[in-house]
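These are my notebook entries on a single structure. I looked up charged contacts first, then strand pairing, then the pocket.

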Amino acid sequence: MAKKDHVSETPATQVLKAHQVAFTEHPYEYLAHGGAQHSAQVLGLDPFTVVKTLVMQDQDARPLLVLMHGNRKVSTKNLARQIGAKSVEPCQPEVAQRHSGYLVGGTSPFGTRKAMPVYIEESILGLPEIVINGGRRGYLVGMDPQVCAALLGAKSVQCALIE
């Protein structure tokens, strides 16, 4: 068996280790604009279990994170209604990077530069395990999805649209 690729520590893995969260490492060859579908394919995972971290903002440009299945889109109208906002839209990449401290494509909800409210698609919490970005492009970590609720205070929402 080949030696497992080790990825150097990121702010996300530092937070997970500090809170004694059990996680598995899943490095892969990053593809620009490949997204969660690409990582699921190269890692042999169901894209439904690959969770993407999206940096969005409300009508007042207040940032928030949305955790969504890799093969689903966010209904911004449904999300806005559920969180009591007038509107929600994705941040521009440079704005998302400023809020999170991560490059787009490597955004983790753990260890972000700014504290932001986190919303998680409700059906993610029902999965036995998820893989989510570990804070670097081409690097996912596997864990129990309940960690997102416990560690991030993620509030469940129902805003998934099938891609």
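**Entry 1: salt bridges.** I counted three salt bridges in the structure, which is a predicted model. I looked up the pair formed by Glu9 and Lys17, whose side chains meet at 3.1 Å, N to O. Glu9 is partly exposed, with a relative accessible area of 42%, and Lys17 is partly exposed at 45%.

I then turned to Arg62. The side chain of Arg62 meets that of Asp58 at 3.0 Å, N to O, and that of Asp60 at 3.3 Å, N to O. I therefore recorded Asp58, Asp60 and Arg62 as linked in a network, since a salt bridge requires a nitrogen within 4 Å of a carboxyl oxygen.

Is Asp58 buried or exposed? I found Asp58 buried, because its 9% relative accessibility falls under the 20% cut-off.

**Entry 2: strand S2 and its partners.** I next examined strand S2, residues 50-58. Eight of its nine residues are buried, so S2 is largely enclosed by the rest of the structure.

Which strands pair with S2? I noted strand S3 (residues 63-69), which runs antiparallel to S2 and is joined to it by seven bridges. Met56 has Leu64 of S3 as its bridge partner. Four residues lie between the strands in this hairpin, and Ala61 takes a positive phi near 65° there.

Strand S5 (residues 88-90) also pairs with S2 in the antiparallel sense, over three bridges; in S5, Glu89 is the bridge partner of Gln57. S7, by contrast, runs parallel to S2, with two bridges between them. I recorded Val51 and Ile132 as bridge partners in that pairing.

Definitions and conventions
Residues are numbered from 1 along each chain as its sequence is written. This is a predicted model: local features need pLDDT of at least 70, side-chain atom pairs count only at pLDDT 80 or more; totals for chains, interfaces and linings use all residues. Side-chain values use heavy atoms; hydrogens and water are left out. Buried means under 20% relative accessible area, exposed over 50%, partly exposed in between (1.4 Å probe, protein chains only). Two strands pair if DSSP finds at least two bridges between them.
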